[in-house]
Amino acid sequence: MTNSIIETVLDEANKRNAKSILEVHLVVGRFTMLGLEQLRYCYRLLTKDTPLEQAKLRIEREEGRVRCERCKFEGPIQFKEEPQYHLVFPTLECPRCGGPVELTSGRSCYIKSVKLRA
């Protein structure tokens, strides 16, 4: 994933004849299964000796949202806590009616913006 992001940014910078890349702003959904620290680590590793080496990496976390077809609820994912197991996990049921829900956000990973120096 990180390699794909880097390639996309470098391609865009080349198309625009940028002299340098100042910042890369990513949006990463909470339910993408991407670890933010691992993403930062891979970014630093893969951008070494490239035009992206000095670019600031900003990562914005996208929270999950759901939609219920039954009662038309749209909102944040509810979490249940299991104190005896020390677990907190997301539920995929409607907090209003208990029906099944569809995850509508929180699974994306995309480049929101790139700051270039012309």
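I began with an open sheet of three strands, in the order 4-3-7, with antiparallel pairing. The model I am reading is a predicted one. I looked for the edges of this sheet and found strand 4 (74–76) and strand 7 (101–105) there. Each has a single partner strand, so one side of each is left without a neighbour in the sheet. I noted the twist as well: it averages 35° from one strand to the next.

Next I followed one pairing. Strand 3 (residues 65–68) joins strand 7 over four bridges, in the antiparallel sense. I picked Val66 and looked for its bridge partner in strand 7, which is Leu103. I reminded myself that strands of a sheet pair through backbone hydrogen bonds, either parallel or antiparallel.

I then turned to an open sheet with the order 2-1-8, where three strands show mixed pairing. Strand 2 and strand 8 (109–117) are at its edges. Each has a single partner strand, so one side of each lacks a neighbour in the sheet. Neighbouring strands here are turned by 15° against each other on average, direction ignored.

I checked strand 1 against strand 8: they run antiparallel and are joined by eight bridges. Val28 stands opposite Cys109 of strand 8.

I also looked at what lies across these strands. Helix 1 lies across strand 1 and strand 8, at about 35° to strand 8. Helix 2 lies across strand 1 and strand 2, and runs at about 160° to strand 2.

**Helix 2**

I stayed with helix 2, residues 36–47. Its 12 residues reach 16 Å from the first C-alpha to the last, close to the 16 Å expected at 1.5 Å a residue.

Which residues of helix 2 are buried? I found Leu36, Leu39, Tyr43 and Thr47. Seen down the helix axis, they fall within an arc of 55°, so they line one face of helix 2. I looked for their cover, and it includes helix 1 (2–15), strand 1 (20–29) and strand 2 (56–62). On the other side of the helix, I found Glu37, Gln38, Arg44 and Leu45 exposed.

I took a closer look at Thr47, which belongs to helix 2. Its relative accessible area is 2%. Buried means under 20%, so Thr47 counts as buried. I set aside its neighbours within four places in sequence, and found Thr47 in contact with Ile6, Leu52 and Glu53.

Last, I went past the end of the helix. Asp49 follows helix 2, and its phi is positive, near 60°.

Note on methods. Residues are numbered from 1 along each chain as its sequence is written. This is a predicted model: local features need pLDDT of at least 70, side-chain atom pairs count only at pLDDT 80 or more; totals for chains, interfaces and linings use all residues. Side-chain values use heavy atoms; hydrogens and water are left out. Two strands pair if DSSP finds at least two bridges between them. Helices (H or I, at least four residues) and strands (E, at least two) are DSSP runs, numbered from the N terminus. Axes are lines fitted to C-alpha atoms, for helices over the stretch in contact, and angles run from 0 to 180 degrees between N-to-C directions. The expected span of a helix is 1.5 Å times one less than its number of residues. Buried means under 20% relative accessible area, exposed over 50%, partly exposed in between (1.4 Å probe, protein chains only). The arc is that of the directions from the helix axis to the C-beta atoms. Contact means heavy atoms within 4.5 Å.
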